[in-house]
Amino acid sequence: MIGFIVRRLAQALVVMAAIALISFLMFRYVGDPVAVMAREDASVTERQELREKLGLDRPVVVQFVDFIGRVVQGDLGISYRNQRPVADLIKERLPATLELVMMATLLSLAIGIPLGVITAVNRTGWLPTLVQSVSLVGISVPTFVTGIMLILVFAVTLRWLPSFGRGDTVQIGWWTTGLLTISGLKALILPSLTLALYQMTLIMRLVRAEMIEVLSSDYVRFARARGLPARMIHYKLALKNALMPVITITGMQIGGLIAFAVVTETVFQWPGLGLLFIQAVSFADVPVMAAYLLLVGLLFVVLNALVDIAYLVLDPRLRTRAS
Amino acid sequence: MSERGQQTGLGRAFVRSPKALISATGALVLIAAAYLAPFIAPHTPFELGSFSLMDSELPPAFLPGGDPRFLLGTDMQGRDVFSAILFGTRISLTVGIAAVLFSAAVGTLIGLLAGFRGGLVDAVLMRVADVILSFPTILIALLISGVARTLFPLATSGTAAILVLIFAISINEWTQYARTVRGQTLVEKGLDYVQAARISGVGESAILRRHILPNVLSPVIVIATINLALAVLAEATLSFLGVGMPPTSPSLGTLIRIGNENLFSGIWWVVVFPAAALVLLVLCVNLFGDWLRDALNPRLD
């Protein structure tokens, strides 16, 4: 087992190194850093000095090692557009995205799990058919269309909820939160619902499949034979055992949600990491793009490795296969 | 079952399935309408001078205040929304179909090579595919688009934007074909008929082309259909985010973006109709792909 973990971690390191290399190549070769950072009227010698000051005249390998060293210390360069350290920009935007993703995850679990149980327990009738058809239409509706329709109904027509921004926020240390004010909570509803819909279908299908399997097991049949109430069998006995894969998948999906938040944040002008990234893409702000790639890449590599290792620890059957 | 028997079986299943008939008809009507746009569109929406501000922000023809010349109303500049949707669907479909063809060709070739050759080639190609697959399509597409914008500032014009989009979408999607074709090739390569061909002195490329390729095509067709829906969605999302097609040659995604910027002026038809067209197109292709997967029932990885 130790061997497997070491190999899995080594593999994660290789992937991370590849991501860092791509990020470095973008940073260094996409666009000319000197042309962007120098004054318009800088002379040739001034440009040369800046080039040396930035270390751009040294061998590429040395520059790459330097780049890694700076990244590890939290120095992600200066944004071309804002002329501010990229690390500061990310720190400012991170709370908004994390609160959005957290709320979306809670919503998708709160709605997806009961729907999955209900459709697994009553496999015929109008409700499961309805849920099934809605989820088929659901995967054909892109996130941004869902968001726009929600805005059209709840913000433009009914005027119940705001359509953009975070509302009022409260500062706690370097973290800004919208969870403590009424307007902040109201602003969170539509974006988190939009982001949650994408994951809700997945959770519902997963719970349904797991529940159907668990419901046909011996202990559930035994509980039925003993005459335990159906409610208790479904929610106390069966659901508990069906939830394990749901938790793993939900954990794995958090990375996907953060990446997917790019679209939701654009629709609702939510001031998070996704909006920062999309503005960087539109304005060719390479340092921000490279930093976002590094950050999200790290998140994905770590989550994937953790999930693989967790499976190994939790499921003894895999241990013999791995070794 | 013979090849012919399989085909007539598929045809019969098609005629008998309402899902297949409806979705295929819907998709064909939308595709025909898009490619016949120059002939059936009542207006030429992207020729300056062919529309006038006098006609701006007219509601759909069937609502009070509507103008019979503009079936689905007009936008802020007086362009006909219906015509814009027809031309927009054409661009969306062109990008989607091209991305599917490109990624299917590249993915199938890589899958065949990896499966047939094995060894280091196989190991490296499949590791690359694994890593790409573990990242969301939209993220990689955004990065490619961002890099293209920085390297070639002209890439935001019409034709160049189409090429960048096709590449950005394909770089993710080839992996699915490659994995499936590789798996199937591994199976086929051990079968007697391939051994027989080899013994009879048939060359490697001829074995791949004439014997293995026809046998791995049915999963490729199924993945391609489902991926067409995904590619159209990816294109729409990128254009909506403002890094896809420019407003001068808008796809459905660009039209929705433009409509979204004017959501609060109350002209909902500018965003709702293009969005409906997009959802309808994707839904038809998705349903057809769903049916095709059940009907052909290939082994998919």
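Helix H10 (residues 252-261) of chain B is mostly covered, with seven of its 10 residues buried; buried means under 20% relative accessible area, exposed means over 50%, and partly exposed lies in between (1.4 Å probe, protein chains only). Helices (H or I, at least four residues) and strands (E, at least two) are DSSP runs, numbered from the N terminus. The model is a predicted one, in which local features need pLDDT of at least 70 and side-chain atom pairs count only at pLDDT 80 or more, whereas totals for chains, interfaces and linings use all residues. Residues are numbered from 1 along each chain as its sequence is written, chains are lettered from A and ligands numbered from 1 in the order in which they are written, and side-chain values use heavy atoms, with hydrogens and water left out.

**Helix H10 of chain B**

- The buried residues of H10(B) are Leu252(B), Gly253(B), Thr254(B), Leu255(B), Ile256(B), Gly259(B) and Asn260(B).
- Their cover includes helix H7 (143-157) of chain A, along with helix H4 (81-117), helix H9 (204-240) and helix H11 (269-296) of chain B; contact means heavy atoms within 4.5 Å.

**Chain B as a whole**

- Chain B has 11 helices and zero strands.
- Of the 301 residues in chain B, 52% count as buried.
- The C-alpha atoms of chain B fill a box of roughly 75 × 50 × 30 Å along the principal axes.
- Among the contacts in chain B with a separation of 6 or more, 71% are between residues 24 or more positions apart.
- Chain B exposes about 13,800 Å², and carbon and sulfur atoms supply 67% of this area; accessible areas come from the Shrake-Rupley method with a 1.4 Å probe, and for residues only the protein chains shown count as cover.

**The interface of chains A and B**

- The size of an interface is often given as the accessible area lost when the parts come together.
- Chain B and chain A bury about 3,200 Å² between them, 83% of it on carbon and sulfur atoms; buried area is the accessible area (1.4 Å probe) that two parts lose on being put together, summed over both.
- On the side of chain B that touches chain A, the elements giving two or more residues are helix H5 (119-133), helix H6 (137-151), H9, H10 and H11 of chain B.
- The contact takes 41 residues from chain A and 36 residues from chain B.
- Zero salt bridges are found across this interface; a salt bridge is a side-chain nitrogen of Lys or Arg within 4 Å of a carboxyl oxygen of Asp or Glu.
- One residue pair, both at pLDDT 80 or more, is in polar contact between chain B and chain A; a polar contact is a pair of N or O atoms within 3.5 Å, where within protein one must be able to donate a hydrogen and the other to accept it, and residues adjacent in sequence count only if both atoms are side-chain atoms.

**Salt bridges**

- The structure holds 10 salt bridges over all chains.
- Asp130(B) forms a salt bridge with Arg179(B), with the closest N and O atoms 2.4 Å apart.
- Asp130(B) lies in helix H5 of chain B and Arg179(B) in helix H7 (residues 158-189) of chain B, so this pair ties together parts that are 49 residues apart in sequence.
- Asp130(B) is partly exposed at 24% relative accessibility, and Arg179(B) is partly exposed at 32%.
- Lys19(B), Asp290(B) and Arg293(B) are linked in a network of salt bridges.
- In chain A, Glu92(A) forms a salt bridge with Arg84(A), with the closest N and O atoms 2.5 Å apart.

- Arg166(A) is found in the loop between H7 and S1 of chain A.
- Arg166(A) counts as buried because its relative accessible area is 8%.
- The side chain of Arg166(A) makes a polar contact of 2.8 Å with that of Glu99(A) and another of 3.1 Å with that of Thr176(A).
- Residues touched by Arg166(A) include Pro95(A), Ala187(A) and Trp270(A).

**Positive phi angles in chain A**

- Most residues other than glycine have a negative phi.
- Arg159(A) has a positive phi near 60° and is located in the loop between H7 and strand S1 (170-172) of chain A.
- Arg159(A) is exposed, because its relative accessible area is 65%.
- Gln269(A) has a positive phi of about 45° and lies in the loop between helix H10 (230-267) and helix H11 (273-282) of chain A.

Note on methods:
Lists of a residue's contacts leave out its neighbours within four places in sequence.
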